[in-house]
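Visitor: Please walk me through this model one feature at a time. I'd like the general rule first, then what it looks like here.

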Amino acid sequence: MILDSCAKHFDVLRLWQYADPDSVIGEQGAKVQGIAAAGCSVGADLMDRLPNLRIIANLGVGCDNVDVAAACERDIVVTNTPGVLDDEVADTAIGLLLMVVRELGRAEQHLRAGRWSTGPYALSPTTLSGRTMGIVGLGRIGTAIARRAGAFGMSVSYHSRRPVDVPYRYHSSLLDLASHVDTLMIATPGGPLTRHLVNATVLRALGPDGVIVNVSRGSVLDERALVSALRAKTVLGAGLDVYEAEPQVSAELLELPNAVLLPHVGTASVPTRRAMAQLVVDNLTGFFHHGRSVTPISG
């Protein structure tokens with residue numbers, strides 16, 4: 001959809017169609033004024049090869065694939081696609097949480113393997129109602145998750161850089177948050193500032209009844225520490241939609257029965273991806289036709 005819509009308004013350079021895209025950039029880079037970035041990395045080196053680049057329209061709410069600081073230094077606008085994906089990601093987060101605490105995926109495997117006829121699936125060790133959720137990062141997605149958690153009878157607390165005007169308890173320390181809840185939901189942006197923010201110390205504070213769900217970026221959670229905690233059962237379980245080296249997932253995680261693993265499908269529905277794609281196009285057309293983008297994060 002991005003390609004077709006952009007082609008109605010702009011001359012589009014389809015780099016993936018060339019055997020040697022690097023040489024194409026060398027030949028035509030000076031003509032490029034905008035980038036529609038869908039999963040690709042846009043660093044300072046690429047920006048320097050596009051001397052007339054004015055805007056990078058990123059598909060997704062996170063922009064850790066774009067060197068935003070380098071873009072700011074070069075007066076290049078960077079945009080993202082917030083708002084249109086919040087509910088989809090929040091639904092995925094609650095779905096992961098349900099799968100972990102009720103072991104729904106494992107129960108389905110029990111049925112599909114023909115084992116139900118020999119005996120029922122074991123009782124799940126815990127349930128969702130009455131759990132206490134701590135949200136790491138109470139932005140749009142975190143707030144959408146909090147609303148859903150409340151509907152399931154969960155109390156909600158949160159940690160972020162600063163408190164916001166919400167009816168949830170604020171913890172200035174992530175460690176303090178983890179020690180007061182049994183469910184930790186990661187919804188904070190990725191990048192160097194949050195790398196391994198959730199580490200072995202935080203997981204120990206969460207405790208043996210603790211469940212951790214990550215729908216933000218794999219870099220926020222120390223996967224080695226998580227594997228160790230899941231193996232030792234110092235936490236009860238984990239639900240992950242993102243990984244440190246995706247699309248590669250560590251063999252250690254794959255072997256763990258108390259980890260529910262999804263292939264980064266938080267926004268992966270046709271309606272949501274259409275809305276995200278349209279916002280990319282709207283940012284580009286707004287910038288070039290009207291002098292301002294719709295959802296800039298810089299510039």
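**Helices, strands and contacts**

Visitor: Let's start with helix H7: which strands does it lie across?

Guide: Helix H7 (residues 140–151) lies across E4, E5 and E7, and runs at about 175° to E4. The labels are DSSP runs numbered from the N terminus: helices are H or I with at least four residues, strands are E with at least two. "Across" rests on contact, meaning heavy atoms within 4.5 Å. Angles run from 0 to 180 degrees between N-to-C directions, with axes as lines fitted to C-alpha atoms (for helices, over the stretch in contact).

A word on ground rules: residues are numbered from 1 along each chain as its sequence is written, and side-chain values use heavy atoms, with hydrogens and water left out. The model is predicted, and local features need pLDDT of at least 70, side-chain atom pairs count only at pLDDT 80 or more, while totals for chains, interfaces and linings use all residues.

Visitor: Which strands does helix H5 lie across?

Guide: Helix H5 (residues 86–102) lies across E4, strand E7 (183–186), strand E8 (211–214), strand E9 (237–240) and E10. Its angle to E8 is about 150°.

Visitor: What order do the strands of the open sheet take?

Guide: Pairing first: two strands pair if DSSP finds at least two bridges between them. Seven strands make up the open sheet, in the order E6-E5-E4-E7-E8-E9-E10, and the pairing is parallel. At the edges sit strand E6 (169–170) and strand E10 (259–261), each pairing on one side only. For a close look, take strand E4 (residues 132–136) and strand E5 (residues 155–159): they pair in the parallel sense over five bridges. Thr132, for instance, has Ser155 in E5 as its bridge partner.

Visitor: How many aromatic pairs are there?

Guide: The rule takes rings of Phe, Tyr and Trp (its six-membered ring) with centres within 6.5 Å; planes under 30 degrees apart are stacked, over 60 edge-to-face, and the rest tilted. That gives three aromatic pairs. One of them is Tyr158 with Tyr170: the ring centres are 5.3 Å apart and the planes at 50°, so this pair is tilted. Tyr158 is in strand E5 and Tyr170 in strand E6, 12 residues apart, and the pair links distant parts of the chain.

Visitor: Is Tyr158 buried or exposed?

Guide: Buried means under 20% relative accessible area, exposed means over 50%, and partly exposed is in between (1.4 Å probe, protein chains only). Tyr158 is at 1%, so it counts as buried, whereas Tyr170 is partly exposed at 25%.

Phe287 and Phe288 also pair, edge-to-face, at 5.0 Å centre to centre and 90° between the planes. Phe287 is buried at 12%, and Phe288 is partly exposed at 27%.

Visitor: Where is His171 found?

Guide: Look at the loop between E6 and helix H8 (174–180). His171 is buried, at 1% relative accessibility. A polar contact is a pair of N or O atoms within 3.5 Å; within protein, one must be able to donate a hydrogen and the other to accept it, and residues adjacent in sequence count only if both atoms are side-chain atoms. The side chain of His171 makes one with the side chain of Asp176 at 2.6 Å. Leaving aside residues up to four places away in sequence, His171 touches residues including Tyr158, His159 and His180.

Visitor: How many salt bridges does the count come to?

Guide: The test is a side-chain nitrogen of Lys or Arg within 4 Å of a carboxyl oxygen of Asp or Glu. The count here is 11 salt bridges. Asp48 and Arg74 meet in one of them at 2.8 Å, N to O. That pair links distant parts of the chain, with Asp48 in helix H3 (residues 44–48) and Arg74 in the loop between helix H4 (68–73) and strand E3 (77–79), 26 residues apart. Arg74 also bridges to Glu73, with the closest N and O atoms 3.6 Å apart; Glu73 is exposed at 65%.

Visitor: With which residue does Arg131 form a salt bridge?

Guide: With Asp182, where the closest N and O atoms are 3.6 Å apart. Arg131 is in the loop between helix H6 (104–112) and E4, and Asp182 in the loop between H8 and E7, so the pair ties together parts 51 residues apart in sequence. Arg131 counts as buried, at 4% relative accessibility. There's a network of salt bridges too, linking Asp87, Asp91, Arg147 and Arg148.
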